[in-house]
Amino acid sequence: MSLKIVVLAKQVPDTRNVGKDAMTAEGTVNRAALPAIFNPEDLNALEQALRLKEQNPGSTVGVLTMGPPRAGEIIRQGLYRGTDTGWLLTDRLFAGADTLATSYALATAIKKIGDVDIVIGGRQAIDGDTAQVGPQVAQKLGLHQVTYAEEILKVENGKATIRRHIDGGVETVEAPLPVVITVNGSAAPCRPCNAKLVMKYKYATCPMERKGDEPWKALYEERPYLTLNQWSVADVDGDPGQCGLAGSPTKVKAVQNIVFQAKESKTLTASDADVESLMKELLDEKIIG
């Protein structure tokens, strides 16, 4: 069966290997000092979407993202790997959104796209680690949801069969379409960019990304696929009061860096005496037993 798939993806500051310039004096993330990347678990989700497209002839995959105009790079990265289209939500009214406002914006965009069979995204973003946006989108759309997915095994007869990796093991579940799926970082990594697709889409941009003096600007008239979809709050019929800061009840009063320091440490060998001593101590302290 042919499927209409939307991948939720986010451009995030790379906080995985932070240095001394990663934080501002106020204790917030210094986004200007960190490279912007495709959120890692969203790449895992993208790979699952592309596999579904290959398994189900006639299916389409589009990337939906929200951010400033430079976030159009996320759509290009999807096109380089085999997606068909993308949509960038960009508007000052979207700025400062917490998970509630973000999920509202994404849900309104999905409604505008229409007739979506599968919405898929990463479990969480590395700049927030909340894992809330996917489930909130499902709730706002009134759709079934499956979280902690490792692999979408098949889609047939209007149902998706999904393997989940959860605490304590692995389970396989079925969910009727349409469905929202969030994917773990332990799922299959995303395929590399395709050289032919990079050449085809390297000049693809959203209108707000363009300066107007690009040497290749004539291509935008000749090749309509180089103009990426760009939507504002008004374009998706959104309520400004539920977008950005206005729609974000989360308030961060302070951010602190915390360094954990062990009061004491012990070095044990593999000898029977050391193992027996450790077990006795754990039992005496009622840590185990």
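Visitor: What is the relative accessibility of Tyr225?
Guide: This is a predicted model, in which local features need pLDDT of at least 70, side-chain atom pairs count only at pLDDT 80 or more, and totals for chains, interfaces and linings use all residues. Residues are numbered from 1 along each chain as its sequence is written, and side-chain values use heavy atoms, with hydrogens and water left out. Buried means under 20% relative accessible area, exposed over 50%, and partly exposed in between, with a 1.4 Å probe and protein chains only. Tyr225 counts as partly exposed because its relative accessibility is 36%.

Visitor: How many aromatic pairs does the structure hold?
Guide: Rings of Phe, Tyr and Trp (its six-membered ring) pair if their centres lie within 6.5 Å; planes under 30 degrees apart count as stacked, over 60 as edge-to-face and the rest as tilted. By this criterion, the number of aromatic pairs in the structure is 3.

Visitor: Which geometry do the rings of Tyr201 and Tyr225 adopt?
Guide: The two ring centres are 5.7 Å apart and the planes lie at 80°, so the pair is edge-to-face.
The partners are 24 residues apart, Tyr225 lying in the loop between helix 6 (219-222) and strand 11 (229-231) and Tyr201 in helix 5 (195-201); helices (H or I, at least four residues) and strands (E, at least two) are DSSP runs, numbered from the N terminus. Tyr201 counts as buried, at 8% relative accessibility. The geometry is thus edge-to-face.

Visitor: Which residue forms an aromatic pair with Tyr203?
Guide: Tyr203 is partly exposed, with a relative accessible area of 27%. Its ring belongs to a stacked pair, 4.3 Å centre to centre and with 15° between the planes. Both partners lie in the loop between helix 5 and helix 6, 13 residues apart. The partner of Tyr203 is Trp216.

Visitor: Over the ring of which residue does the charged end of Arg210 sit?
Guide: A charge sits over a ring if NZ of Lys or CZ of Arg is within 6 Å of the ring centre and within 35 degrees of the ring normal. Lys112 lies over the face of Trp231, at 5.2 Å from the ring centre. For Arg210, the charged end is 3.5 Å from the ring centre of Tyr220.

Visitor: How far apart are the end C-alpha atoms of helix 3?
Guide: The expected span of a helix is 1.5 Å times one less than its number of residues. Helix 3 (residues 99-113) has 15 residues and should therefore span 21 Å. The model agrees, as its end C-alpha atoms are apart by 21 Å.

Visitor: How many of the residues of helix 3 are buried?
Guide: The buried residues of helix 3 include Thr99, Tyr104 and Ile113. They pack against several elements, among them strand 1, strand 5 (85-89) and helix 4 (133-141). Helix 3 is largely enclosed by the rest of the structure, because the buried residues among its 15 number 12.

Conventions:
Contact means heavy atoms within 4.5 Å.
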